[in-house]
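Please consult the sequence and the structure shown here while reading.

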Amino acid sequence: QVHLAESGGGSVQAGGSLRLSCAASAYTYSRYCMGWFRQAPGNEREGVAAMHTGGGGFTYYADSVKGRFTLSQDNAKNTLYLEMNSLKPEDTAMYYCAAEKAAYCSDRRWKSAADYNYWGQGTQVTVSS
């Protein structure tokens with residue numbers, strides 16, 4: 001069982017920045033594809049970014065956040081970070097951390113919420129214009 005706890009959400013004006021954190025409690029942290037999803041009211045949950053915690057491989061980003069968001073991790077702390085810059089009102093959503101035990105993150109499946117077994121409770125990000 002993997003427990004994920006997000007933090008770092010809040011309210012900012014357009015153009016501002018936030019850093020989300022996802023602390024994972026897992027003995028085998030290095031064996032997961034982990035990512036961030038977001039869901040705005042009335043919308044489906046969409047993949048934002050993902051990477052494999054074992055290092056190597058690709059870091060995947062949704063087209064809508066490329067160049068603005070950066071995914072990183074601190075293996076010593078079992079923590080995944082999402083640095084969000086140049087925020088836009090359309091980035092407003094509940095952001096969720098997710099994990100799937102896997103040997104790698106698949107470029108075809110990383111955005112599929114159904115493929116992730118573990119989820120955090122979410123943290124709200126609100127961007128005002």
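Is the link of C33 and C105 left-handed or right-handed about the S-S bond? The link of C33 and C105 is right-handed, with 115° about that bond. The model is predicted: local features need pLDDT of at least 70 and side-chain atom pairs pLDDT 80 or more, whereas totals for chains, interfaces and linings use all residues. Residues are numbered from 1 along each chain as its sequence is written, and side-chain values use heavy atoms, without hydrogens and water.

**Disulfides**

- The sulfur atoms of C33 and C105 are 2.1 Å apart.
- C33 lies in strand β4 and C105 in the loop between β9 and β10 (118-119), so this pair ties together parts 72 residues apart in sequence; strands are DSSP runs (E, at least two residues) numbered from the N terminus.
- C22 and C97 are joined with their sulfur atoms 2.0 Å apart, and the disulfide is left-handed because its S-S torsion is about -80°.
- This second pair links C22 in strand β3 to C97 in strand β9, 75 residues apart.
- C22 is buried at 0% relative accessible area, where buried means under 20% (1.4 Å probe, protein chains only).

**Nonpolar cores**

- A nonpolar core is a set of buried Ala, Val, Leu, Ile, Met, Phe, Trp, Tyr and Cys residues joined through side-chain atoms within 4.5 Å.
- The largest has 30 residues, of which L4, M34, W36, L82, M84 and Y95 touch the most other members.
- Strands that each supply at least two residues of this core include β3 (18-25), β4 (32-39) and β9 (93-101).
- Apart from this core lies another of nine residues, among them A98, C105, W110 and Y116.

Notes:
Buried < 20%, exposed > 50% of the residue type's maximum accessible area, 1.4 Å probe, protein only. Helix = DSSP H or I, 4+ residues; strand = E, 2+ residues; numbered from the N terminus. Disulfide = S-S within 2.5 Å.
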